[in-house]
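The tour goes from stop to stop, with something to select at each.

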Amino acid sequence: MKRIGIAFFYHESHSFTPMITELEQFENEAYLLGKDIIDHYRGTKTEVGGFIDYLTGSKEEIEIVPLLCASAVPSGVVTKETFEKIEKDMIGSIQDNLPLDGLLLALHGAMVVDGLPDPEEKMLENIRETIGNNIPIATTLDLHANISEKMVTYTPMHFGFKTYPHIDMYEQGLAAANAICNCLFENKQYQAAFIRLPMLLPSLNMRTETGPMKKMIDLAKEAENIKGVDNVSIFGGFPYADTASSSASLIVVGTDKKTMGEVAEKLAREYWGLKKEFLVHLPSAKEGLKIALSRRNKKPVVLADISDNPLSCGSGDTTELLRMMLRNKVDQALFGGLYDPESIKRCQEAGEGKTVELELGGKVTPEFGLPIRVEAKVITLSDGVFYNSGPFNQHLKVDLKATAHIVVDKLDIVLIGRPMSANDPEMFRHLGIDPTKKKILALKVKNHFRAAFDPLIEEVIYVDAPGVSTNNLTTLEYKNIIRPIWPLDNAIYLEGE
Ligand SMILES: [Zn+2]
């Protein structure tokens with residue numbers, strides 16, 4: 001009987017937002033110890049769902065040992081206190097469950113902690129100190145992970161998502177679990193070749209359906225057919241985390257060190273050559289709305305307010321696009337979800353069918369647009385709990401801590417009690433709204449929503465309204481990234497450029 005621990009340590013942190021991430025944000029998403037982890041994730045298309053399914057379905061004798069799961073929605077820097085609590089619970093849960101034969105760890109890879117240079121590296125270091133160097137660890141990582149050299153020395157077995165929208169979290173969970181089992185039952189010895197490139201890429205044009213990241217992922221998959229190469233991950237990095245490891249990178253996992261090194265070099269050259277394709281210019285909210293209003297489509301047009309996308313750490317309450325829509329008296333349109341617990345409370349006090357005066361949004365980051373005073377009709381109120389139906393985080397329970405459907409003039413607006421991207425149509429359907437019946441959907445999203453929405457819509461117009469997650473990285477004041485880095489500086493990766 002082999003005892004395999006499973007754990008989840010997950011946050012994408014934005015260094016330039018005034019928001020901070022505390023224990024409460026983890027508790028709101030998932031802060032689970034022991035058996036609760038299995039109950040929460042079994043049957044979900046997540047990394048941990050993949051770990052559980054693979055280990056349960058294995059013909060080998062395996063005992064799954066659930067440890068700690070700490071996951072919060074992307075937001076500001078994690079406080080030192082919060083990290084220390086997670087660290088204590090993680091290491092404590094491992095110590096309580098020794099001996100372990102292997103460990104599966106789902107990481108995001110872009111956490112920033114106040115005063116700590118690299119939290120994932122630190123967590124791996126702590127885990128190594130606790131379990132020693134001989135027990136295999138395999139991680140899953142987000143495509144937007146920032147990877148440090150040391151992370152690869154603590155374990156070579158890293159499995160990054162190959163899709164954006166991330167709809168292969170489950171598959172990478174399976175791959176990591178498979179690798180651990182290969183170590184334990186076949187005595188396979190994995191190694192890694194890792195290359196970090198001096199480039200910091202905005203994530204908007206990183207979709208894997210089309211564009212430069214598709215080219216890289218296709219090359220990565222092709223390389224996995226080479227003897228001695230098992231898995232290739234391409235990381236776009238997360239440019240809003242200001243850390244020394246923030247950059248694009250890639251990892252080749254396999255058993256033939258020489259071949260893996262050659263593959264990594266070749267892919268790094270290709271990646272560097274594609275860098276300019278990742279830069280795109282976007283219309284303002286006003287220009288984007290004008291384009292959307294000119295369209296005569298059967299299906300809805302999406303206005304994607306990427307700079308305030310909560311899954312890129314936006315506060316979810318900026319008001320520029322909403323202001324433009326109200327000013328233009330846009331109808332047959334839906335705006336959401338706007339993070340505004342105060343307004344939800346007022347709606348709850350008034351009740352469904354009543355009219356209320358509200359100050360919409362603009363409370364967390366007023367520097368990107370002040371609250372908008374409106375008279376709104378309360379249509380529907382809910383507890384904000386639903387289950388995702390689309391391919392992204394499918395079947396996962398989402399708890400928005402209350403929602404309200406209101407109408408201002410003719411515009412339908414959904415208020416939410418916790419910042420969350422509108423990545424799944426259930427955010428609207430659970431309130432009785434059918435988003436396909438609208439002409440314009442103004443959503444606080446970037447790319448993940450396309451997994452579920454693409455079949456329902458005609459077109460996406462990305463707009464760059466003011467917000468922390470702007471596509472224009474030159475506006476951010478970096479202090480910790482390693483310079484020179486492209487496109488902020490004239491960085492060089494290949495000789496003779
Ligand atoms: Zn990501």
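Predicted model: local features only at pLDDT ≥ 70, side-chain atom pairs only at ≥ 80, totals over all residues.

Residues are numbered from 1 along each chain as its sequence is written, and side-chain values use heavy atoms, with hydrogens and water left out.

**Stop 1: the zinc ion.** Select the zinc ion with D142, H144 and H166, which coordinate the ion at 2.1 to 2.7 Å. Donors are N, O and S atoms within 2.8 Å of the metal (3.2 Å for Na, K and Ca); water is not among the atoms, so sites may look incomplete. The angles among the 4 donor atoms run from 52 to 141°, and the site is irregular. Four donors count as tetrahedral if all angles lie between 85 and 135 degrees; four count as square planar and six as octahedral if opposite donors are over 155 degrees apart and all others between 65 and 115; anything else is irregular. In sequence the donor residues follow the spacing D-x1-H-x21-H.

Now colour by accessibility. Buried means under 20% relative accessible area, exposed over 50%, and partly exposed in between (1.4 Å probe, protein chains only). D142 counts as buried because its relative accessibility is 3%, and H144 is buried at 4%.

**Stop 2: helix α9.** Select residues 257-273, the 17 residues of α9. Helices (H or I, at least four residues) and strands (E, at least two) are DSSP runs, numbered from the N terminus. Buried residues in α9 include M260, L267 and W272. The buried residues of this helix pack against β10, α8, β11 and β12.

**Stop 3: two domains.** Colour 2-278 as domain 1 and 285-470 as domain 2; these bounds come from an automatic or database domain assignment. Their C-alpha centres lie 31 Å apart. Contact means heavy atoms within 4.5 Å, and 28 residues of domain 1 are in contact with 30 residues of domain 2.

**Stop 4: backbone details.** Select L98 and P99: the peptide bond between them is cis, with omega near 0°. Next, go to A402, in the loop between β18 and β19. Phi of A402 is near 90°, a positive value in a residue other than glycine. A402 is buried, with a relative accessible area of 11%.

Methods: Expected span 1.5 Å × (residues − 1).
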